[in-house]
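Subject: The structure I promised you

Hi there,

Here is the structure, with its sequence, for you to open alongside this note. My notes on what turned up follow below.

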Amino acid sequence: MMTEGMFNNYFLPGIWITIQVTLYSAALALVVAFAIGTLRTSRLWIVRFVAGVYFEVFRGMSSLVLMFWLVFSVPLLLQWQFAPMYAGVLALGLTYGAYGSEVVRGALAAVPEGQREAGIALSFTRMQRLRRIEIPQAWPEIVPPFNNLLIELLKGTALVSTITVADMTYAGNLVRLGSNESAPIYTLLLVLYFALAFVMTRGMRVLERHAKANVGRPEPRRGLLAKLSLRESAGEGSGALTTGGAAK
């Protein structure tokens, strides 16, 4: 049976490692996604070609095999050893960045042509149009698919356990070997991944609402607090009518 010591000494540090790998990989993937996605909308065919090659190569690669290549092959080829954690972050960030670049490219392409023409009429440079017009318009469409990619990335961090990074999957396997109990360990792992994914999803929903509000498309409030607020408003309205009726 898993003891408190096993949980404190293995699981808790493992959860922190999983969170770190997720955040570092997501940050790298975000940079890659915007860089490659923007370059794929360039007017220069050579830029689009190079960015497209990156997208096709990393989209078609296995993250797990890329981790193994970085950890076991790069030292032989380049005499340079990656720390296992950074190899995992690099493999996940480059791979999921390629997926995200397609989201960015599609969202930028969906910006109405009139918005770009307005930027050209104002003598904006390409970078100014991207920063002030196109990316702010595309951002609300980018956030929901990025939410899915972030959850997939979180689940993909379990792969780093295969290159000896002590994330919570690695810790779970150690505890399972020590306690010889599989069902409670893997059930706990499932619950932990779900809890982390749920928190991330709630955070991304808040980000999505802010993004839509910034471009003049606020979402109606939902949930228990919003319903209570509506009921209070309705009650105030009916009270005003009653008062008005009594005055007659």
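A residue is called buried if its relative accessible area is under 20%, exposed if it is over 50%, and partly exposed in between, using a 1.4 Å probe and protein chains only. By that rule, 38% of the 248 residues of the chain are buried.

Please keep in mind that this is a predicted model, where local features need pLDDT of at least 70 and side-chain atom pairs count only at pLDDT 80 or more, while totals for chains, interfaces and linings use all residues. Residues are numbered from 1 along each chain as its sequence is written, and side-chain values use heavy atoms, leaving out hydrogens and water.

**The overall picture**

The chain has 9 helices and 0 strands; here helices (H or I, at least four residues) and strands (E, at least two) are DSSP runs, numbered from the N terminus. The chain exposes about 14700 Å², with carbon and sulfur atoms supplying 66% of it; these areas come from the Shrake-Rupley method with a 1.4 Å probe, and for residues only the protein chains shown count as cover. A contact means heavy atoms within 4.5 Å. Among contacts in the chain with a separation of 6 or more, 74% are between residues 24 or more positions apart.

**Helix α2**

Helix α2 covers residues 45-59, and its end C-alpha atoms are 20 Å apart, which agrees with the 21 Å that its 15 residues should span at 1.5 Å a residue. The expected span is 1.5 Å times one less than the number of residues. Which residues of α2 are buried? They are Ala51, Gly52, Tyr54, Phe55 and Phe58. These residues cover an arc of only 155° around the axis, which puts them on the same side of α2; the arc is that of the directions from the helix axis to the C-beta atoms. Their cover includes α1 (4-39), α3 (63-78) and α4 (84-109).

**Aromatic pairs**

The structure holds 8 aromatic pairs. Rings of Phe, Tyr and Trp (its six-membered ring) pair if their centres lie within 6.5 Å, and planes under 30 degrees apart count as stacked, over 60 as edge-to-face and the rest as tilted. Phe68 and Phe72 make a tilted pair, 6.0 Å centre to centre with 40° between the planes. They are 4 residues apart in helix α3, so about one helical turn separates them. Tyr96 and Tyr99 form an edge-to-face pair, at 5.5 Å and 85°, and lie 3 residues apart in helix α4. Tyr96 is buried, at 14%, whereas Tyr99 is partly exposed, at 30%. Ring pairs also link Phe34, Trp139 and Phe146 into a cluster.

**Two residues to look at**

Gly88 is in helix α4 and counts as buried, at 0% relative accessibility. Its C-alpha atom is 7.7 Å from that of Val21, 67 residues away along the chain. Leaving aside neighbours within four places in sequence, Gly88 contacts Ser25, Met67, Val160 and Ile163.

Thr38 sits in helix α1 and is buried too, at 17%.

Best wishes
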